[in-house]
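Hi,

Here is the structure I promised to pass on. Have a look at it first, and then read on for what turned up.

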Amino acid sequence: MSTLVVGNWKLNGTRSSVLERVAFFTDKLNEFTEINIIVCSPYVYLEAIQTYLQEHPSVLQLGAQDLSAEFSGAFTGEVSGSMLKDVGTHYVLVGHSERRRWYFEDNALIARKWLSAYDTGLTPILCVGETLEQREAGQTMAIVQAQLEQGLQHAKQANEILVAYEPVWAIGTGKHASPEQVAEVHGQIKSWLTNNFGSSTASVLYGGSVNPQNAQSLFAEPKVDGVLVGGASWDMEAFVEICQQANAR
Ligand code: PGA
């Protein structure tokens, strides 16, 4: 299974700064054929990126940061999976902790979003992870397991599943989980997936302050199938370095 490097640009960028990154990455990353590289852009720039990618052969693949649980109808402001598909998107984040925290998304809604993505032919990346209080109270795996159980309730086979373990306390804080902490939780997620889906082919990514300084130690951990990179994916050189390290794995 090839390593995945997923960039999450969050609420950043302009049309030109987004396209500047896509052009830079296309130029610098095309030789990295051993890995899968995905950038999750704000909705409004997806189509412009897709147009660029059609005109310039690139290893980059397109992802979105969220989607509606609904397919169509009177849901003002929503963007459906089929709309994302229509503009060339292949992947979509589901249940990112910022969605859970600031937009009150719960596991039930996230499960519907997962299904909506899956049914439209997108690959959902389910984000899970505990807060610092939950970790300190020894609840990490109970929280993560509940997020997996509910978030993946519509999944049928392991090879459909992509999970990103993102401890909330490590996102955007500069504090990343240690390789030992990552290995422990990834091991538990993988056992849970094997027990529930009967196979170990699901991929588990780590996210939370991944940068060029800590990426190598994460890639050295066999239970890490890839990384979800926020802040450092907006930094052009940093993202290229992380991809280089993934490719050299
Ligand atoms: P970060 O974000 O790398 O800036 O911590 C990760 C994420 O939100 O996916």
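This is a predicted model: local features need pLDDT of at least 70, side-chain atom pairs count only at pLDDT 80 or more; totals for chains, interfaces and linings use all residues.

C127 is buried, with a relative accessible area of 2% (buried means under 20% relative accessible area, exposed over 50%, and partly exposed in between, using a 1.4 Å probe and protein chains only). C40 is buried too, at 0% relative accessibility. So do these two pair up or stay apart? They stay apart: the sulfur of C40 is 8.6 Å from its closest cysteine sulfur, the one in C127, which is too far for a bond.

Residues are numbered from 1 along each chain as its sequence is written, and side-chain values use heavy atoms, with hydrogens and water left out.

Now for the charged pairs. A search of the whole structure turns up nine salt bridges (a side-chain nitrogen of Lys or Arg within 4 Å of a carboxyl oxygen of Asp or Glu). One of them joins D66 to R99, with the closest N and O atoms 3.2 Å apart. That pair links distant parts of the chain, since D66 is in the loop between β3 (60-64) and α3 (81-86) and R99 is in helix α4 (residues 97-102), 33 residues apart. Helices (H or I, at least four residues) and strands (E, at least two) are DSSP runs, numbered from the N terminus. D66 is buried, with a relative accessible area of 10%, whereas R99 counts as partly exposed at 23%. D66 and R99 also belong to a network of salt bridges together with E105 and K113.

R112 and E70 form another salt bridge, at 2.7 Å from N to O. R112 lies in helix α5 and E70 in the loop between β3 and α3, so this pair ties together parts that are 42 residues apart in sequence. R112 is partly exposed at 38% relative accessibility, and E70 is partly exposed at 24%.

Then there is D225 with K190, whose closest N and O atoms are 2.7 Å apart. D225 sits in the loop between α9 (215-219) and β8 (226-229) and K190 in helix α8 (residues 179-197), 35 residues apart. Both D225 and K190 are buried.

S116 lies in helix α5 (residues 107-119) and is buried, at 1% relative accessible area. What does the side chain of S116 reach at 3.2 Å? The backbone oxygen of S68. Leaving aside neighbours within four places in sequence, S116 is in contact (heavy atoms within 4.5 Å) with L67, S68, A69, E70 and F71.

T26 is in helix α1 (residues 15-29), buried at 7% relative accessibility. The side chain of T26 makes a polar contact with the side chain of S58, at 3.0 Å. A polar contact is a pair of N or O atoms within 3.5 Å; within protein, one must be able to donate a hydrogen and the other to accept it, and residues adjacent in sequence count only if both atoms are side-chain atoms. Beyond four places in sequence, the contacts of T26 include Y52, L53, H56 and P57.

Cheers

Definitions and conventions: A disulfide is a pair of cysteine sulfur atoms within 2.5 Å.
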